[in-house]
Amino acid sequence: MKQMEAKQQKPSLYLEVVSQNEEPRLPLHTSISLFLLSYCECKSFKVFLVFSKPSSSQSLRCQLPESLDVSDIQLEDLPPLVRGCRLPAAVDETGRLCRAGLAVVLRHIISKTLEADPSKKHVMALLGFKKTCLKACAEVSKWTRLCEIGIPSAVEEHLKNPTNQYQQLPPSILTLERRLAEPVKVHNDDKIRRQKLQEQRRNEKNEPPEGQGNPDSESEPGRSPQVCDGLELRAALARLSVDSVPAPTTRENSEIRKVKTTDLPPLEHLFAEGLYFTLTDVVLLPCIFQYLCSLQAHAVSALHQLPHLLRWYSRVQEVPAVLRAAKTCGMALSIPQVPTSSLPGSSAENNPANLLEQEEGQEMTTQLPFVGGPRPTMTKLKENGIEAIFAPHPCPSWTLPWDSLPGAINPTEGKMSNIRAVRKRQQLNNLVAMVTELARPGYTVVDFCSGTGHVGIVLAHTLPDCQVILIENKEESLLRAQSRSAELDLKNIGFIQANLDYFTGPFQIGVALHACGVATDMVTEHCIQAGAAFVISPCCYGFIQNAIKFTFPKSKRFQETLTYKEHMILCRFADQTAVQLPPERRLIGKQCMGLVDLDRSWAAETRGYSVRVMTMEPESCSPKNNMLVGMLLQKSGLEVNASQLEALVHN
């Protein structure tokens, strides 16, 4: 009976409410989520507004769509999985799977909308070509980071103190302004551009009324003549299944077909990602709405620096359902009135392009070309007393009782070959052996980058007195892991679909099998921040490069010895360990792996950790067979030295 009731429950959506001057206020991430719910007319969720202080949503009713099932909840009453995540967050009917972070939650809202009504083509269109809009995580995609984090954070900061920030526009807003000015490239754009050329020539012959169909004609700032009748907009609206706007399907004549692609007219940049209205525009609209309202109130002259953003803001209001959704969320959209005063000077201080280049220069690191092999770098390290060090494996023959374990735990249940399944079991033996020695009853163990749950499910079965949480960004992989867990009827397991940064809950052990590139460093940093032990097998060393949070080399001794370029040479050759390579080359690759991980371990040791780099047994279990095992030396007033740690693992 209880199981039937659980199936009838709606999934839950948790949205944050903040306090400003003792009054409740909806932060931008919440406003964006509500706007999408209204745009999609989605009624699949029970919505909870989360208050950190005793309060109610009564004063916020004008910003809450009436069609939603909304309740208030206090922060301390949140389900444990949600409490360990940044909001917004959505929890499925079982209460075991939590989706956290703006982009992940918004894509889930679209998915649930289409699940309830597949005929909503305009909702499907939000996901963009190949359904990948905002799918890449913010750690690897600058575009996702700009839309999900950069612009909402910049606008929130601006709204807190607008009068002191209007003179210099936020770098993220300037980045968006420049993106909106870039040429459009879309799938099959050659066909659309030929149709545009044909239409232009037809208009020239018909001599259309002045100011219409001519992209060079003058118009009011913030509104283009093509907003109303341009071919690009008609194509975009046709994609949203707007019956009153016919799609441009007329086949171009032979003269047009002979025109070279390089001579075709460019497409006008209509929406955030180019030609079509997508989820990105939904994210940006509440942000830009509040930002423009603030500028009109405090610094209307700054609008002159944002001509493309103003045109975009005008165009999105042409999209059916946008005005309706905005009205239900209390957003009175209008076209900003730009004064006719002269534009600001083009000094380096005020020039958006210069400011943007400065901002991007701080964020990006130039990728230097590789020259030569790894030997000079390894020799340089050796001359400075630095060589790869591998600690002995404390239990090389330890193995799980695979023959007696339930079938759903065995990697052979997946789609991998038998040979690969054997190697996967060997890899799991190594990680599970280390974790089980470190774990204590009541511990929370987090399997980062969990994939389909090979590590986490084994740990949940092996450690029934511990809580195991699987964190993975790919929904398909996590759903597969949840299905395997349900087959095993595991009660001590939870699933979170999120970027790593959106998980904020406490835990005692972090584990990751083959965390690619800087993902190893991200997991290590997350464990260090939580004071947790870690067992990590790195992978894809060639993908390591400077990022927002990390620069390489990481440790002081390596920094004093190697340049960034030399460290990248080590990383590149650390990937030369495939079994088909000559033995000498694989040996050099293994030494490079050891040196890269030695740098990582020394960096962690400066944070109070004892870290050992060891090789998984047998070595043939994977070309990437390194394993980092780290533990905080001092915690809760108890000091643990390196020898005690080794004894702990041996016992």
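A contact here means heavy atoms within 4.5 Å. This is a predicted model, where local features need pLDDT of at least 70 and side-chain atom pairs count only at pLDDT 80 or more, while totals for chains, interfaces and linings use all residues. Residues are numbered from 1 along each chain as its sequence is written, and side-chain values use heavy atoms, with hydrogens and water left out.

First, the whole chain. There are 24 helices and 15 strands; these are DSSP runs numbered from the N terminus, helices being H or I with at least four residues and strands E with at least two. Of the 651 residues, 53% count as buried. Buried means under 20% relative accessible area, exposed over 50%, and partly exposed in between, with a 1.4 Å probe and protein chains only. Among contacts with a separation of 6 or more, 73% are between residues 24 or more positions apart.

Now Thr-520. It sits in helix H20, residues 519-530. Is Thr-520 buried or exposed? Its relative accessibility is 0%, so Thr-520 counts as buried. Leaving out residues up to four places away in sequence, Thr-520 touches Ala-515, Ile-536, Pro-538, Cys-539, Arg-600 and Leu-628. With Ala-515 there is also a specific distance to report: a polar atom of the Thr-520 side chain lies 2.9 Å from the backbone oxygen of Ala-515.

Next, the charged pairs. How many salt bridges does the structure hold? The count is 16, where a salt bridge is a side-chain nitrogen of Lys or Arg within 4 Å of a carboxyl oxygen of Asp or Glu.

One of them joins the side chains of Lys-135 and Glu-476, at 3.9 Å from N to O. This pair links distant parts of the chain, 341 residues apart: Lys-135 is in the loop between helix H5 (121-124) and helix H6 (142-160), and Glu-476 is in helix H19, residues 475-488. Lys-135 is partly exposed because its relative accessibility is 40%, whereas Glu-476, at 52%, is exposed.

Another salt bridge pairs Glu-182 with Arg-179 at 3.5 Å, N to O. Glu-182 has 33% relative accessibility and counts as partly exposed; Arg-179, at 28%, is partly exposed.

Asp-489 and Lys-491 meet at 3.0 Å, N to O, and Lys-491 is exposed at 61%.

Definitions and conventions
A polar contact is a pair of N or O atoms within 3.5 Å; within protein, one must be able to donate a hydrogen and the other to accept it, and residues adjacent in sequence count only if both atoms are side-chain atoms.
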